Amino acid sequence: MTTSQRKGVGLALSGGGYRAMLFHTGALWRLNEIGWLSKITTFSSVSGGSIVAGILAHAWKNLDFDEHGVATNLGEQVVEPIRVLASTNLDVPVTLRAMVKPWRSAGEELAKAYAKHLFGKCRLDELDPAGPQFVFTATNLQDGALWWFFRQQGPHGRIPLATAVAASSAFPPMLSPVLITDPAANDGRKIVLSDAGVYDNLGLDPVEGHCATVLVSDAGKRMRPARDVKRDWPRQLLRVLDVIDNQVRELRTGSLLKSYVDKSFAGTYWSSYSDVANFELPDALPAPVELTHALAQTSTRLTKTPEVVQERLINWGYAASDAGMRRWVDHDAPAPSGFPYPESGLG
């Protein structure tokens, strides 16, 4: 697609469990403050990013946007439910319930938990038709391709929002897979889905090829260097899988950054490993790398996160997105007065 054919603003929210969910919450907070949340036409999400995107999609029709395009009740409608979920243990209870119910997959139990805590019976076709498009991606384990869930009419649209978010965040093997009946088939054939991060942890596909402006919030964890690599077969295999996963992430990120340089589309990329100093903003929020890199290593599990860690991850997502947006996208946006949770800082 040529640059002239691209339209709208896309935001990709990476995977990374509760860590990513909270980091992206800070990014959404800052995007809303500078009036960009209401400009986004497509949200594409993966895994932990799909949890926050699902909460935002579910709340969109209740958001009160002022004349500047700022949602005045984002805290009540989006941030508070995310904070409540971040204080809830999900992964272990879901896994245990799946173990005692062999006829149900862990992914189905995860969808049930999301329905209970967040979405109820809301279906994809019940999302605000006047709002942006939300694309929740998952990995099809049968053909190795990316599967998209989004608002539409027909059988695909009748899929519960909780199921779409669960499929996107069904981290293998403990929380995977999610099985859905193929809406396009008449024989009851099942589609076997797992965490979208298996295929693309950035969630770029729905926005990279279509949007004129592409914003990317990346809270994925980097592979740690290892001086002592184990030579037994099981642990060596795990290390090789880490290397393969790391290669895919590096290739996708490198391709994205090259597209910015080539001006294939406008936009910016920020990550939990970003060094704010590299954005060269004299009034960026203070973010020492020794603190931010520690936050980037927070567990990816869906388990209860201490309140102070929640606030620091939100603060970091807020600061990183602010630096990216003001440096590369909106030069006229005012500098923030401080962190959303100033007493917690970054560590």
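Residues are numbered from 1 along each chain as its sequence is written, and side-chain values rest on heavy atoms, with hydrogens and water left out. Because the model is predicted, local features need pLDDT of at least 70 and side-chain atom pairs count only at pLDDT 80 or more, whereas totals for chains, interfaces and linings use all residues.

The structure contains 14 salt bridges, a salt bridge being a side-chain nitrogen of Lys or Arg within 4 Å of a carboxyl oxygen of Asp or Glu. One of them joins Arg97 to Glu109, with the closest N and O atoms 3.2 Å apart. This pair links distant parts of the chain, since Arg97 lies in helix H4 (residues 91-99) and Glu109 in helix H5 (residues 106-119), 12 residues apart; helices are DSSP runs of H or I with at least four residues, numbered from the N terminus. Arg97 is partly exposed at a relative accessible area of 33%, whereas Glu109 is buried at 0%, where buried means under 20% relative accessible area, exposed over 50%, and partly exposed in between (1.4 Å probe, protein chains only).

A salt bridge also connects Asp228 and Lys230, at 3.1 Å from N to O; Asp228 is exposed, with a relative accessible area of 54%, and Lys230 is partly exposed at 36%. In the pair formed by Lys258 and Asp262, the closest N and O atoms are 2.7 Å apart, with Lys258 exposed at 52% relative accessibility and Asp262 partly exposed at 42%. Finally, a network of salt bridges links Arg30, Glu33, Asp283, Asp322 and Arg326.

Note on methods:
Helices (H or I, at least four residues) and strands (E, at least two) are DSSP runs, numbered from the N terminus.
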